[in-house]
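Hello,

Here is the structure for you to look over. My notes follow below it.

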Amino acid sequence: MAENCPFARRSSARNAATLVAMFLVIAAGAAPSAAAHEQRRAPTAAHHGGPGVPGDIDGDGRSDLVVSVHHGFRIVYTRWTVHHSHVVTMTLPDNANPSSLAVADFNHDGHADVAAGNPNSGYRNGSQTSDGSIDVYDGTSHGLVAEPHVFLGTTAGGYAGEVVADVDLNHDKYSDLLAIPDQRGGLTVLLGGPSGLTPASTDILGGCPTRLAEYGGQQRYVATGDINGDGRSDLVIGQPEKGKQLGHGDDFRGVEGEIKICYGNATGIGPKVSSIHGRAVGSGYRELGWTVAVAHVNGDRFDDIVAGAPFHEGDNGRVAVVYGAKHGPIASRSTVADQGGRGPRYRTGVGAELGDSVTAGDVNGDGFSDVVAGGPMGGLGKDRGGEVMIYYGGERRLHTKHSIRLTLGQTFPHLTGGPRFGGDGFGSMLVCFNPRGPRFASVGVLAPGYAVHHKLGLLVTYPGSKTGVDVSNATRTRHVGQYMNYSTGLAIGA
């Protein structure tokens, strides 16, 4: 959500490091599984979004990247490797400042479309109202069309589109869209179909809360997957401000956070709802659910929940994987990961806030989704850079002892330029996508605070390989961001 509200309680160092309001929405779910893995498990309901490759805008069979900047997009059309990609800049109207993105084939024409949330748009009687809008750009073989389908917010000052997430709510294999405002309004539901997105009633959400968290993570805090293995999509919602509190008033020291699972039925999302609480999975009173993703981490037939708790243990942060099961996830079966990875460490006493962003994809092609977590404050005070941790999935559970730690300085030791505003923000936004086909997922990482020739922003892409993430062949795309104020933002989707 917008930094002017939910992030005000963070430290001054954190605010200095993020004078951009940073958001990430992962579109179309985790990377497709390898063929060998598909033989071991039932198909998941999580991978929806059309007949083509997830995130493929131009229909060439490879995922593309979309990066939202001030009044525009930068679209990275991948050509087998990012080294050979074609980057196009698309300028949007002056009042269009996308703070979140969802990339999915809403009409099943074989081309991914881009839904952009513009919470600050809207005018009434000549004055800006911040009613918000969701602008949907159709994908074609020539890229995105210039004129969007516009869905206006219906609540005055409701900031519609603060976060947008693609989900399959009615199990018809079309991607639908959830638009999440700030605390002033309820959800907006748009259902996908042959003609694209159309507005629908929130009744389809059944017993799920239609007014979600008062604030959420920088990435997405809504995801879908088949958590109980019944072949239907379930809705997973992170609510970091819910649950039991530690202390009150001036003695307030935190809240545990919780994850709600709203289970699918034959027509949509049914009345059955369960919750996972932060203390039950070992994250204490540190806002579990700040970010959430759904992926297939182990070898059973259930999708699993990945959740970030970035304020755990002095803001060092943790990531929890809660495994799916027939009757819903069981907190006691979770795996908790921290920063205990390989590689150089730049610990200076400032918390990394690991779990500030999370995503997942099969980086090493073994059929299990690997968890990628960002800690954008990981190196403040020395190299002033964030970090990204990668934990590999396995037959039984997530592997935490052989994790990999990435930093911008480690990847490009001789990179010119430098961080601005107290840190580069590396790891603030993440996405997994498939520019090399379905087997190996690549990882895209934004460093929006990195200054190169006075223009901010750096997109780093790490290709996947049989041995894992390939740091030696990482590539960078410059000038993907610029200075932003607290009420606008950046986003990435694929």
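**Sheet and buried residues**

Strand S27 (residues 370–375) pairs with strand S28 (residues 387–391) in the antiparallel sense, over 5 bridges. Strands here are DSSP runs (E, at least two residues), numbered from the N terminus. Two strands pair if DSSP finds at least two bridges between them. Gly375 stands opposite Glu387 in S28.

The model is predicted: local features need pLDDT of at least 70, side-chain atom pairs count only at pLDDT 80 or more, and totals for chains, interfaces and linings use all residues. Residues are numbered from 1 along each chain as its sequence is written, and side-chain values use heavy atoms, with hydrogens and water left out.

The open sheet has 4 strands, in the order S26-S27-S28-S29, with antiparallel pairing. Strand S26 (357–361) and strand S29 (404–407) stand at the edges; each has a single partner strand, so one side of each has no neighbour in the sheet.

Next, Trp290. Trp290 lies in the loop between strand S21 (269–277) and strand S22 (291–295). Trp290 counts as buried because its relative accessibility is 0%. Buried means under 20% relative accessible area, exposed over 50%, partly exposed in between (1.4 Å probe, protein chains only).

Last, Asp424. Asp424 sits in the loop between strand S30 (418–419) and strand S31 (429–433). Asp424 also counts as buried, because its relative accessibility is 4%. Asp424 and Met377 are 47 residues apart in sequence and 8.7 Å apart in space, C-alpha to C-alpha.

Best wishes
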